[in-house]
Amino acid sequence: MTVKDLYDQVVSGHIYSDIDLQRAIVYPVEKQELVIDSIIEDIPLPAFYLWQNDDGILEVLDGKQRIESIKKFCQGNLAYKGKVWKEYAYVQGWQQKFNQTELRTIICSGDEKKKREIFRRINTLGVPLSTFEVLNGLFYGEYIEGLNDYFSHDISVRKVLPNEGIDRGKNKYTLLCYIYYLHHKCTFPKLTALHDFLQEQKDKSFNDDMKLIKPYIGFMRDVFHEKSKISTLLKFKLSVKYKKDRTIWLSHKDEIWQECNTFIKSDGYKLSDSKDDDIEAMILGIVGNLRVDPKRLFTADDKEQLLAARTANANGLFECEQCHQHFHTDELTVDHITPWSKGGRTVLSNARLLCRPCNSQLGNRNNNHS
């Protein structure tokens with residue numbers, strides 16, 4: 001069936017795409033444009049599965065998103081390379097080539113049970129490629145071959161980034177992002193940037209980047225206990241930041257594991273809006289022999305006690321201890337006087353009432369809001 005055949009039958013109602021089994025349109029504009037580009041560039045689209053009813057009407061079992069993209073383009077509701085359908089009338093032979101491109105269609109028939117079973121199998125037997133599998137296909141060469149070999153044979157990297165079940169490359173993708181991070185001033189890549197990076201590295205040896213990443217993988221393996229609940233991403237960031245302090249961190253390995261795990265289970269951690277900073281502060285306290293208070297946040301009861309010990313003005317407002325302006329109680333937060341990250345305890349004697357703007361201006365001072 002040609003593109004024009006398909007479009008004409010959809011418009012005439014001979015092919016019906018809005019069946020109850022199908023999803024609503026979910027393709028973003030970029031993916032809709034890719035459908036049009038595939039037709040123009042002679043890149044085969046996946047087959048369209050159609051179901052033939054007794055009255056001859058065809059229902060779309062698979063391919064609705066592609067059909068809707070073609071329909072939108074032909075009706076002028078989708079631009080391709082900055083031009084809508086009618087503008088391509090002025091490009092010699094363009095519309096004819098588009099219309100006459102052949103599409104593979106598979107027409108099925110039978111009873112309702114078979115129809116639903118075909119639909120189920122179409123949508124369960126196919127497995128979309130993972131992000132790394134796409135990258136592996138696009139940029140396979142000496143570099144990715146070396147990365148795959150490193151991941152297959154290095155015990156440390158497989159311990160730090162273990163595979164879960166079938167290897168779809170999730171952690172190889174993570175490893176690529178870590179390497180990019182080290183090359184690009186501690187910035188993680190968007191997918192397009194990673195494409196550019198791999199295009200440049202494609203035919204180069206992976207050895208230099210293997211030597212680059214190994215010390216950080218070693219830091220993560222040695223310093224963080226295998227039962228540590230700290231996220232792998234934070235472990236990596238900390239390894240980059242504190243690699244030079246590996247020896248002192250390693251000597252406190254058990255304390256880091258136990259105290260951080262206990263903290264991660266606490267309500268203070270769950271309610272904190274600076275979780276990674278809190279973990280970092282706790283570890284720095286451990287390796288610097290300055291323990292932070294396991295209690296991270298002041299409670300609503302703490303705030304009530306602070307308010308009870310202070311006198312409101314004639315309008316019932318309380319003073320911010322930083323800017324000395326007056327606020328309603330719900331506009332005030334409780335903050336550590338001596339910052340929590342520097343060993344300040346979460347007790348009333350180390351607490352003060354601040355308005356939200358003042359609290360925010362303190363930045364990384366481990367502020368609390370109750």
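**The largest pocket and some other spots**

Analyst: Sorted by residue type, the lining of the largest pocket comes out as 13 nonpolar, 6 polar and 5 charged residues. Keep in mind that this is a predicted model. As for volume, the largest pocket holds about 760 Å³ of space. Its lining counts 24 residues, and those closest to the centre are Tyr27, Lys31, Pro46, Asp62 and Arg66. Several elements give two or more residues to that lining: α2 (29-40), β3 (58-62), α3 (64-74) and α5 (112-125). Which of them gives the largest share? That would be α2, with 4 residues. If you wonder how such a space is found at all, rolling a probe the size of a water molecule over the atoms shows where empty space is left.

Leu138 belongs to helix α6, which covers residues 131-139. Its relative accessible area is 48%, so Leu138 counts as partly exposed.

Next, a bit of backbone for you. The loop between α9 (170-183) and α10 (191-201) holds Lys185, and Cys186 lies in that loop too. Lys185 has a phi near 50°, a positive value in a residue other than glycine. For Cys186, also not a glycine, phi is positive at about 60°. What about their cover? Lys185 has a relative accessibility of 79%, and because the cut-off for exposed is over 50%, it counts as exposed. Cys186 has a relative accessible area of 44%, so it is partly exposed.

One last stop: Asn359, in helix α18 (residues 356-361). Is Asn359 buried or exposed? Its relative accessibility is 2%, and since buried means under 20%, Asn359 counts as buried. If you'd like a distance to go with that, take Asn359 and Ser38: they are 321 residues apart along the chain, and their C-alpha atoms are separated by 54 Å.

Methods:
Residues numbered from 1 in each chain as written. Predicted model: local features only at pLDDT ≥ 70, side-chain atom pairs only at ≥ 80, totals over all residues. Heavy atoms only, no water. Buried < 20%, exposed > 50% of the residue type's maximum accessible area, 1.4 Å probe, protein only. 1 Å grid on protein atoms, 1.4 Å probe; cavity = no way out; pocket = protein on both sides within 12 Å on 5 of 7 lines; lining within 4 Å. Points joined across faces, edges and corners; volume = space filled by probe spheres on them. Nonpolar A, V, L, I, M, F, W, Y, C, P; charged D, E, K, R; others polar.
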